[in-house]
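Hi everyone, and thanks for coming. Let me put a structure on the screen and walk you through it.

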Amino acid sequence: MSDLRVPVGLLPLALREVGFRHGDQDLLKGITLQFGSSGKTLVMGPNGAGKSLLMRLCHGLLRPTEGSIRWHGGGRLGGQALRRRQAMVFQRPVLLRRSARANVEYPLVLQGVSRRQRRRQADAALERFGLSALAGRPARVLSGGEQQRLALARAWVMRPEILFLDEPTSALDPAATKAVEDAVLTFHEEGTRIVMSSHNLGQARRLADDVVFLCRGRLLEHSPAETFFTAPASAEAAAFLRGDLVW
Ligand SMILES: Nc1ncnc2c1ncn2[C@@H]1O[C@H](COP(=O)(O)OP(=O)(O)O)[C@@H](O)[C@H]1O
Ligand SMILES: [Mg+2]
């Protein structure tokens, strides 16, 4: 059986002067920050601020056009080995046209896990996220909330060291949102580092240990949640928290 546990930590993740330029536009510029080895970071900021871009860069789906992104514990690991120890969940889950169970088994297939082990691990993950009854159903017919929980179950079988979630609840109703928030806490309790974007202030207050605030591609602050919500450092963050339009 392949051991999915992480032998040594990849974290912290350090970004130094990271920029992403497209044409003559700096979509992200001068981003220097570090994600420590534990906790839940919320990435906040108005629409178009660069939240999704930042998370895609961190996850390795895009390459920065300036600066560097380094996994401190990942020195000798190549791109694919690094990617396997991280997971990302999107606003709209990307699922295979197969059963819910087959979707959860898929990353294990790629890892060469035996059929029996796959089945056992996938069923445990489905149960953990309340999807056992839906295991045989085509993933594409599940509701939005069920699909998002399925994406989380698929991430769960890999026991990622870090989980990126890009506005995972923005298309969901309150009950489905609560289920996703509970799932995020489950990952956190099991030791997965959480980096999540959201424009839902209530959700950010419930989940954040620290907040990264972006505006127009710039990092305006990275503070403990308490500080960010009570005494934001920038006028833009203060306006954002008041609900004023910021761009
Ligand atoms: N791959 C890309 N190539 C070019 N422009 C992009 C790309 N991804 C996003 N953008 C642009 O970058 C800006 C930031 O986008 P995004 O990160 O999606 O913002 P947010 O998630 O904060 O709403 C937007 O103006 C968007 O149109
Ligand atoms: Mg986005």
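First, some ground rules. This is a predicted model, where local features need pLDDT of at least 70 and side-chain atom pairs count only at pLDDT 80 or more, while totals for chains, interfaces and linings use all residues. Residues are numbered from 1 along each chain as its sequence is written, chains are lettered from A and ligands numbered from 1 in the order in which they are written, and side-chain values use heavy atoms, with hydrogens and water left out.

Let's begin with the domains. The assignment gives domain 1 (36-63 + 75-85 + 161-247) and domain 2 (92-159); such bounds come from an automatic or database domain assignment. Their C-alpha centres lie 24 Å apart. Where they touch, 14 residues of domain 1 are in contact with 13 residues of domain 2, contact meaning heavy atoms within 4.5 Å.

How much space lies in the largest pocket? About 750 Å³. Of its 22 lining residues, the closest to the centre are His 59, Gln 86, Pro 107, Leu 110 and Arg 154. A pocket here is an open set of points on a 1 Å grid over the protein atoms alone, where a 1.4 Å probe fits, with protein on both sides within 12 Å along at least five of seven lines; lining residues have an atom within 4 Å of a point. Grid points are joined across faces, edges and corners, and the volume is the space filled by probe spheres set on the points.

Which elements build the lining? Helix H2 (79-84), strand S5 (86-89), helix H3 (100-110) and helix H5 (144-156) each supply at least two residues, and S5 gives the largest share, four residues. Helices (H or I, at least four residues) and strands (E, at least two) are DSSP runs numbered from the N terminus. Each of the two domains contributes at least three lining residues. By class, the lining has 15 nonpolar, four polar and three charged residues; nonpolar covers Ala, Val, Leu, Ile, Met, Phe, Trp, Tyr, Cys and Pro, charged covers Asp, Glu, Lys and Arg, and the others, Gly among them, are polar.

Let's stay with His 59 for a moment. His 59 is found in helix H1 (residues 51-59). At 8% relative accessibility, His 59 counts as buried; buried means under 20% relative accessible area, exposed over 50%, and partly exposed in between (1.4 Å probe, protein chains only). Beyond neighbours within four places in sequence, His 59 contacts Arg 83, Gln 86, Ala 87, Met 88 and Phe 164.

Next, H5. Why is H5 described as largely enclosed by the rest of the structure? Because 10 of its 13 residues are buried, including Gly 145, Leu 150 and Trp 156. The buried residues of H5 pack against S5, H3, helix H4 (115-128), strand S6 (162-166) and helix H6 (174-189).

Finally, a pair to compare. Leaving aside neighbours within four places in sequence, Tyr 106 touches Leu 96 and Arg 98. Val 211, in strand S8 (residues 210-215), is buried, at 0% relative accessibility.
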